[in-house]
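Here is a short report on helix packing and salt bridges. Please keep the structure open while reading.

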Amino acid sequence: MSTDRSAPRAESAPADTLGVPGPRGTDEPAAYVAAPPGAGPSREERGRRDRKARRTRETMAAAALRLTLAHGFAALAVEDVTDAADVSRRTFSRHFGSREDAVLDCLRADFARINEALAARPATEPPVAAYRAAVAAWLHDPDPEHPAWHRRPGMRDLFVLIDEEPALTAAFRRIAVTEEERSIRLVAARLGLHPETDLRPAVAVGLGVAALHAATRTWVRDPAGDLPTLLDRAFDLAAAEPPS
């Protein structure tokens with residue numbers, strides 16, 4: 001007795017399912033498959049999650065800074081930040097390794113914005129000029145949610161606290177060094193140089209960073225100081241040989 005071993009013809013799939021075309025040149029209908037259960041989120045979903053995580057981080061950082069300026073760093077507890085931001089301790093730990101990291105996160109974000117502007121500078125621009133232009137772009141960015149230091153309340157007081165509180169001093173240095181290393185890698189890539197073995201990227205970035213820190217130091221200590229003017233003067237001095 002013979003047996004028909006041919007596969008049965010697939011049934012039509014619902015109109016709203018996604019189809020994969022069948023073999024070319026056959027009458028077989030498309031094979032309809034569902035998305036695999038382990039498929040990751042779509043690009044749109046990832047973008048939405050990233051924006052939500054960024055807003056949560058910024059809310060916690062703003063709360064940490066506000067509480068520190070109001071009551072002092074010694075009085076700040078992680079629970080104060082999580083209560084003010086209405087998040088869990090676990091959420092805080094997912095974003096920050098310490099209280100000082102949360103308090104200074106706005107500065108980390110500012111240095112990151114300078115690096116973003118540096119990465120966007122024309123490749124033919126000399127590295128110190130590119131760093132100066134990147135700082136200027138950050139300084140004059142009209143974004144009301146992320147103003148530069150001279151347009152943001154409490155920033156002079158924060159820098160004073162950084163000088164006075166050892167934990168904040170150490171955290172600020174770590175943040176500054178990390179972002180400076182990123183600047184060096186960006187400049188090295190622009191010049192086609194090795195960031196670890198060639199001095200030129202580190203020297204160029206060092207000049208720009210020194211100008212930024214010197215201008216900020218004077219602005220913090222001189223209530224009448226204007227940060228944009230001080231930065232222009234500091235970069236002019238960095239370009240002079242020797243400064244005078």
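The text below takes the helix contact, then the charged pairs.

This is a predicted model. Helix 8 (residues 166–191) packs with helix 9 (residues 199–221). Their axes are 9 Å apart, at an angle of about 135°. The two helices are therefore oblique to each other. Their crossing is right-handed. Helix 8 contributes Phe172, Ala176, Glu180, Ser183, Ile184, Val187 and Ala188 to the contact. Helix 9 contributes Pro201, Ala202, Val205, Gly206, Val209 and His213. By class, the contact has nine nonpolar, three polar and one charged residues.

Next come the salt bridges. The whole structure holds 13 of them.

| Pair | N to O distance |
|---|---|
| Arg89 and Glu79 | 3.0 Å |
| Glu179 and Arg182 | 2.5 Å |
| Arg200 and Asp198 | 2.7 Å |

Salt bridges with shared partners also join Glu45, Arg48 and Arg49 into one network.

The Arg89 and Glu79 salt bridge links distant parts of the chain. Arg89 lies in helix 3 (residues 89–95) and Glu79 in helix 2 (residues 78–85), 10 residues apart. Arg89 is partly exposed, at 45% relative accessibility. Glu79 is partly exposed too, at 43%.

Glu179 and Arg182 both sit in helix 8, three residues apart, about one turn of the helix. Glu179 has a relative accessible area of 5%, so Glu179 is buried. Arg182 is partly exposed at 38% relative accessibility.

Asp198 is buried, with a relative accessible area of 17%.

Technical notes. Residues are numbered from 1 along each chain as its sequence is written. This is a predicted model: local features need pLDDT of at least 70, side-chain atom pairs count only at pLDDT 80 or more; totals for chains, interfaces and linings use all residues. Side-chain values use heavy atoms; hydrogens and water are left out. Axes are lines fitted to C-alpha atoms, for helices over the stretch in contact, and angles run from 0 to 180 degrees between N-to-C directions. Helices (H or I, at least four residues) and strands (E, at least two) are DSSP runs, numbered from the N terminus. Angles under 35 degrees count as roughly parallel, over 145 as roughly antiparallel, 65 to 115 as roughly perpendicular and the rest as oblique. A crossing is left-handed if the near helix is turned anticlockwise from the far one by less than a right angle, and right-handed if clockwise. Contact means heavy atoms within 4.5 Å. Ala, Val, Leu, Ile, Met, Phe, Trp, Tyr, Cys and Pro count as nonpolar, Asp, Glu, Lys and Arg as charged, and the others, Gly among them, as polar. A salt bridge is a side-chain nitrogen of Lys or Arg within 4 Å of a carboxyl oxygen of Asp or Glu. Buried means under 20% relative accessible area, exposed over 50%, partly exposed in between (1.4 Å probe, protein chains only).
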